[in-house]
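Please open the structure below in your viewer and keep the sequence beside it. We will go through it one selection at a time.

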Amino acid sequence: MVSDSLLPLAGRTVLGIFAHPDDESLACGGTLARLADAGARVILLCASHGEAGSISDPALVPDGNLGAVRARELRDAAAVLGIAEVILLDHPDGDLRWVQVPELHQEIVATILRCRPDAVITFAEDGLYWHLDHIGVHERTFTAVRSFGAAAPPLYYVTMQLGVMREMVDAAHGKGGAPPDSSFWGIAPDAFGDGAKPPTFVIDVRDWVPRKLAALRCHRTQIGRNNPMAWIDDDEARQWLGVEQFRRAPLEATGEGILEHLGEIQHAD
Ligand SMILES: [Zn+2]
């Protein structure tokens with residue numbers, strides 16, 4: 001395998017655009033950490049503070065301000081992943097697809113103008129598990145990137161592997177944790193990756209899985225004792241979180257794809 005340090009990633013800028021604190025770690029924390037290690041400047045734009053999310057332990061949010069706690073969790077996770085800059089917006093969690101649509105579009109455009117990314121990563125059409133906020137961010141990001149026409153940076157969609165979340169639940173249950181009907185944030189394990197279009201390339205992030213798991217666990221309000229992710233160790237996590245899958249968005253721009261340098265091509269189509 002070619003060392004990442006020999007790949008043309010040093011000095012490049014990669015912009016990840018997601019909906020809530022923790023999406024970045026779950027969707028592609030391994031790739032973001034791998035890019036940062038290879039010398040890329042990784043920037044994260046998160047559209048909301050995730051203030052409508054679940055709370056694993058009320059003691060973590062004594063004043064009830066979940067958005068403020070999740071902002072801190074996101075900064076901790078970003079530090080673990082080597083993210084250089086976090087842009088945390090304050091759009092209303094739960095309504096990202098419908099509320100403040102022009103504002104979010106403009107903020108994404110302005111961020112692209114300021115940061116000049118060599119690649120942008122966001123959710124695919126399925127929003128990881130058909131989460132409407134994720135789908136809204138997918139839509140806004142696609143439209144914003146497309147507005148640059150021939151000068152648009154390459155846009156990548158990240159999806160999750162179907163079946164891995166179910167295996168994680170079963171493993172956690174086998175250790176006495178996470179009841180068999182347990183979910184991830186109230187989402188059935190089988191919803192993750194369901195109906196996603198196949199990736200065109202995948203990135204092996206097994207060596208970065210300990211950091212991905214550590215970043216996920218920074219989101220303490222989201223990963224409590226009942227979350228299966230609290231029960232798996234690094235070796236197990238490598239099986240289920242060690243591959244991240246991507247597809248390049250259909251845009252007229254034909255800029256050099258830089259993420260493919262890390263990946264293994266899956267399909268010709
Ligand atoms: Zn989310």
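Bear in mind from the start that this is a predicted model. Begin by selecting the strands, where you will find an open sheet of eight strands in the order S3-S2-S1-S4-S5-S7-S6-S8, with mixed pairing. At the two edges lie strand S3 (85-88) and strand S8 (263-265), each of which pairs on one side only.

Strands in a sheet are held in pairs through backbone hydrogen bonds, in either a parallel or an antiparallel sense. In which sense do strand S1 (residues 13-18) and strand S2 (residues 41-46) pair? They pair in the parallel sense, over six bridges, and if you pick out Leu15, you will find that its bridge partner in S2 is Ile43.

Centre the view on Val202, whose bridge partner in S7 is Gln245 and which stands opposite Glu264 in S8.

Stay on S6 and show its side chains. In a regular strand the side chains alternate between the two faces of the sheet. Which residues of S6 lie on its covered face, and which on its uncovered one? Phe201 and Ile203 belong to the covered face, whereas Val202 and Asp204 belong to the uncovered one.

Finally, zoom out to the whole chain, whose secondary structure comes to eight helices and eight strands. Its radius of gyration is 17 Å, close to the 18 Å that the globule rule gives for 269 residues, so the chain is as compact as a globular protein of that length. The C-alpha atoms fill a box of roughly 50 × 45 × 30 Å along the principal axes, and buried residues make up 47% of the 269 residues. Among the contacts in the chain with a separation of 6 or more, 83% are between residues 24 or more positions apart.

Note on methods:
Residues are numbered from 1 along each chain as its sequence is written. This is a predicted model: local features need pLDDT of at least 70, side-chain atom pairs count only at pLDDT 80 or more; totals for chains, interfaces and linings use all residues. Two strands pair if DSSP finds at least two bridges between them. Helices (H or I, at least four residues) and strands (E, at least two) are DSSP runs, numbered from the N terminus. A residue is buried if 20 or more other C-beta atoms lie within 10 Å of its own, exposed if 12 or fewer, and partly exposed in between; C-beta atoms are placed from the backbone. The radius of gyration is taken over C-alpha atoms; the globule rule is 2.2 Å times the number of residues to the power 0.38. Two residues are in contact if their C-beta atoms, placed from the backbone, lie within 7 Å.
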